[in-house]
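Hi there,

Here is the structure I promised to pass on to you. Have a look at it first, and then read my notes below.

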Amino acid sequence: MGNELVSDSLPFGEGESYNDSALSISYTEQFYSHLPFYLSIGMTYEQYWNEDCCLVKYYREAFKLQRERDNERLWLQGMYIYEALCDVSPVLRAFAKKGTKPIEYSTQPYAITKEEIERRRIEKEKAKYEQMKAKTNAFAIKFNALMAQRKEVENDG
């Protein structure tokens with residue numbers, strides 16, 4: 001019903017015209033048969049009958065967009081459930097070793113937008129940079145202490 005236009009449900013087929021076939025249902029009955037659908041997607045009775053006739057097209061398009069958003073939201077929910085089940089599955093196996101622990105659940109939601117994906121990539125690179133910087137500093141401190149120790153040994157000897 002959502003994508004069906006009033007003209008799509010007329011009783012005469014393709015190639016036939018209004019004169020070729022007697023209408024078994026009036027236009028008023030046809031409009032009343034579509035009214036429940038439009039009421040269900042938020043259009044008021046007054047809008048349907050008294051406002052601009054193009055409103056029904058916009059309500060159908062809005063309904064289609066909302067249905068797509070709901071589908072994506074439910075798909076994302078399914079991804080979270082699937083990931084949670086996969087994370088806990090090592091513990092649920094019948095012959096799992098003692099001490100087996102589930103994988104930790106993700107600390108943040110999935111990045112969906114391009115901006116969020118880019119922001120997380122930059123954060124990851126910064127964290128990796130800071131980690132390498134800390135390792136390099138630790139190596140430098142250890143190396144400098146070793147060199148100082150060698151100088152001390154040389155000066156004593």
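**What I found**

Leaving out residues up to four places away in sequence, L39 touches T44 and Y45. Please keep in mind that this is a predicted model.

L39 belongs to helix α1, while Y45 is part of helix α2, which covers residues 45–50. L39 has a relative accessible area of 38%, so it is partly exposed. Y45 also counts as partly exposed, because its relative accessibility is 39%. Together with Y32, L39 and Y45 make a nonpolar surface patch of about 290 Å².

Now let's go inside. Which residues make up the largest nonpolar core? There are 8 residues in it: L35, F37, Y38, I41, M43, Y48, V56 and Y59.

Next, the cysteines. A disulfide is a covalent bond between the sulfur atoms of two cysteines. How many disulfides does a search of the whole structure find? The search finds 0. For C53, the nearest cysteine sulfur is that of C54, 4.6 Å away. A disulfide needs the two sulfur atoms within 2.5 Å, so C53 is in no disulfide. C54 is in no disulfide either. C53 counts as exposed, because its relative accessibility is 62%, whereas C54, at 30%, counts as partly exposed.

Finally, the charged pairs. Side chains of opposite charge can pair when their charged atoms come close. The structure holds 6 salt bridges, and here are some to look at:

- D70 pairs with R73, with the closest N and O atoms 3.7 Å apart. Both lie in helix α3, 3 residues apart, which is about one turn of the helix.
- E116 meets R120 at 3.0 Å, N to O. These two are 4 residues apart in helix α4 (residues 114–156), so about one helical turn separates them. R120 is buried, because its relative accessible area is 18%.
- E123 meets R119 at 2.3 Å, N to O. Both are in helix α4, 4 residues apart, again about one turn of the helix. Salt bridges with shared partners join E116, R119, R120 and E123 into one network.

Enjoy exploring, and write back with any questions!

Best wishes

Terms used: Residues are numbered from 1 along each chain as its sequence is written. This is a predicted model: local features need pLDDT of at least 70, side-chain atom pairs count only at pLDDT 80 or more; totals for chains, interfaces and linings use all residues. Side-chain values use heavy atoms; hydrogens and water are left out. Patches are made of residues with over 30% relative accessible area and no salt bridge: like charges are joined within 9 Å, nonpolar side chains (Val, Leu, Ile, Met, Phe, Trp, Tyr) within 5 Å. Accessible areas come from the Shrake-Rupley method with a 1.4 Å probe; for residues, only the protein chains shown count as cover. A salt bridge is a side-chain nitrogen of Lys or Arg within 4 Å of a carboxyl oxygen of Asp or Glu. Buried means under 20% relative accessible area, exposed over 50%, partly exposed in between (1.4 Å probe, protein chains only). A nonpolar core is a set of buried Ala, Val, Leu, Ile, Met, Phe, Trp, Tyr and Cys residues joined through side-chain atoms within 4.5 Å. Contact means heavy atoms within 4.5 Å.
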